[in-house]
Amino acid sequence: MIKAAIMGYGTVGSGVYEVITTNQKSIDKKVGQELRVQYVLDLREFPGDPVMDVLTHDFEDIINDDEVKIVAEVMGGLHPAYEFTRRCMEAGKSVCTSNKELVAEHGAELIRIAKEHQVNYLFEASVGGGIPIIRPLNSSLTADVILEISGILNGTTNYMLTKMSREGLNYDDVLKQAQEKGYAELHPEADVEGWDACRKIAILTSLASGNQVDFQDIYTEGITKLTTEDFVYAKKMRCAIKLLAVSRKVGDTYCAMVSPALIRKEHPLYMVNDVFNAVCVEGNMLGASMFYGSGAGKLPTASAVAGDMVDAARHLGKVITTFWNPEKLTLAPVSDMTHRFFVRMRSDAKDVKIFGDVEIVDADIPGEIGFLTPVMTEAEYAAKAKDLEIISMIRMEG
């Protein structure tokens, strides 16, 4: 028998416990022996819940039990998740997590510590929730040079953008609906400002490059400034607006950014709606591939964590190699990235000429003009737009 522990009994933690107990026979067969949850760590009580049989309030119970070989860290946040994760691995226990904040901040360091102690640090659920993307990058695609990763990596914002597009709702109303349905937190900044997607593309770029990518270095815009008028124009162009995280190979490094983007119907991400997520990966030999599914939620995320626990159980005493070194990768400047830009201006049409041969988009909105620029760099756009009355700008993808 292999004994395991779960740290945190919130949405994901309770899901991990449910997955392991519900699918016990199947999991035992795949592991080759019994995998049982010995402890669930949480400060709260859960009267009437079966978890009470294994509940502990003391982290030391997990550390001091040498029979516990696998720990799921689903607490979230940096502290005490970092300290608990490190101590578990130093005590010879593999750790599986959904904590993107911790992985983005300390992933390379924790992978090194795991290797030093002949255990594993696995984090499939940290990027795509229930979508398998970490393992393919770390194993199936290791023969390829990754040329581009682009994805819809946040279910909350994708739900909100879908509602704004379909129902013509404004940002404040759709945020309120998302909060009422439990898709958005009371303090939703991590989602709506793009920080969550930023951490996830940092993790993916770190794995693609093999070096540490600091999420603080990635240019990030959220969805808070989008208006109903933006979606009127988007429909006129037969486009969808998505919060897109993109990382492109540039020479020996990558250029990454997170921002709203216009996506045409021909693009595979166009049909990714509601709380679903998707990641497109382009390899220099494979070409394009797409990973699609539930990017968040209790059971999809818990399924990915439990899958890592099964993998860890099957590799006790063996290190699963992860190509992520602590040496920092200096990203290429975002000012060199090229796009077409959709621009709305409160100005005379003559001012549009500064952008060159533009494509006018007539959405019949009085007092402004909308147009698509030719392809240009971020720096060129910024220079041209500097002294103009710009209402808004959205990048065109592809």
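Author: Start with a term: two rings of Phe, Tyr or Trp count as a pair if their centres lie within 6.5 Å. This is a predicted model.

Reader: Which residues form one aromatic cluster?
Author: F341, F355, F371 and Y381.

Reader: How many aromatic pairs does a search of the whole structure find?
Author: It finds 11. One of them is Y233 with F342, a tilted pair, because the ring planes are at 55 degrees, with the centres 5.0 Å apart.

Reader: Where do those two sit in the chain?
Author: Y233 is in helix α12 and F342 is in strand β15, residues 338–345. They are 109 residues apart, and the pair links distant parts of the chain.

Reader: Is Y233 buried or exposed?
Author: Y233 has a relative accessible area of 1%, so it is buried. F342 is also at 1% relative accessibility and counts as buried.

Reader: OK, another pair. How are the rings of F276 and Y292 arranged?
Author: They are stacked, because their planes are at 10 degrees; the centres are 5.4 Å apart. F276 lies in strand β12 and Y292 in strand β13, residues 287–294. The two residues are 16 apart in the chain.

Reader: What do F276, M290 and Y292 form on the surface?
Author: A nonpolar patch. Together the three have about 270 Å² of accessible area.

Reader: Which residues does strand β12 cover?
Author: Residues 276–283, and F276 is in it. The loop between β12 and β13 holds L286. L286 is partly exposed, with a relative accessible area of 45%.

Reader: How far is the C-alpha atom of L286 from that of V145?
Author: They are separated by 9.2 Å, although L286 and V145 are 141 residues apart along the chain.

Reader: Back to α12. Which residues in that helix are buried?
Author: D230, F231, Y233 and A234, in a helix that runs over residues 228–236. They are on the same side of α12, because they cover an arc of only 160 degrees around the axis.

Reader: Why do residues three or four places apart point the same way in an α-helix?
Author: Because an α-helix has 3.6 residues a turn.

Reader: What follows α12?
Author: R238, and its phi is positive, near 55 degrees.

Reader: Now charges. How many salt bridges does a search of the whole structure find?
Author: It finds 25. One of them is between the side chains of D217 and K328, at 3.0 Å from N to O. D217 is in the loop between β8 and β9, and K328 is in strand β14, so the pair ties together parts that are 111 residues apart in sequence.

Reader: Which residue does R344 form a salt bridge with?
Author: D230, and the closest N and O atoms are 2.9 Å apart. R344 lies in strand β15 and D230 in helix α12, so this bridge ties together parts 114 residues apart in sequence. Both R344 and D230 are buried.

Reader: What about E378 and R395, how do their side chains meet?
Author: In a salt bridge, 2.6 Å from N to O. E378 is in helix α14, residues 378–385, and R395 is in strand β19, residues 390–397. The two are 17 residues apart.

Reader: Is E378 buried or exposed?
Author: E378 is at 10% relative accessibility, and buried means under 20%, so it counts as buried. R395 is buried with a relative accessible area of 3%.

Reader: Which residues are linked in a network of salt bridges?
Author: E124, R135, D308 and D311.

Reader: Last one. Where does R199 lie?
Author: Over the face of F215, at 4.6 Å from the ring centre.

How values were computed
Residues numbered from 1 in each chain as written. Predicted model: local features only at pLDDT ≥ 70, side-chain atom pairs only at ≥ 80, totals over all residues. Heavy atoms only, no water. Patch = residues over 30% accessible without salt bridge, like charges linked within 9 Å, V, L, I, M, F, W, Y side chains within 5 Å. Areas by Shrake-Rupley, 256 points an atom, 1.4 Å probe, with all protein chains shown as cover. Salt bridge = Lys/Arg side-chain N within 4 Å of Asp/Glu carboxyl O. Helix = DSSP H or I, 4+ residues; strand = E, 2+ residues; numbered from the N terminus. Buried < 20%, exposed > 50% of the residue type's maximum accessible area, 1.4 Å probe, protein only. Arc of directions from axis to C-beta. Phe/Tyr/Trp six-rings, centres within 6.5 Å; stacked < 30°, edge-to-face > 60°. Lys NZ or Arg CZ within 6 Å of the ring centre and 35° of its normal.
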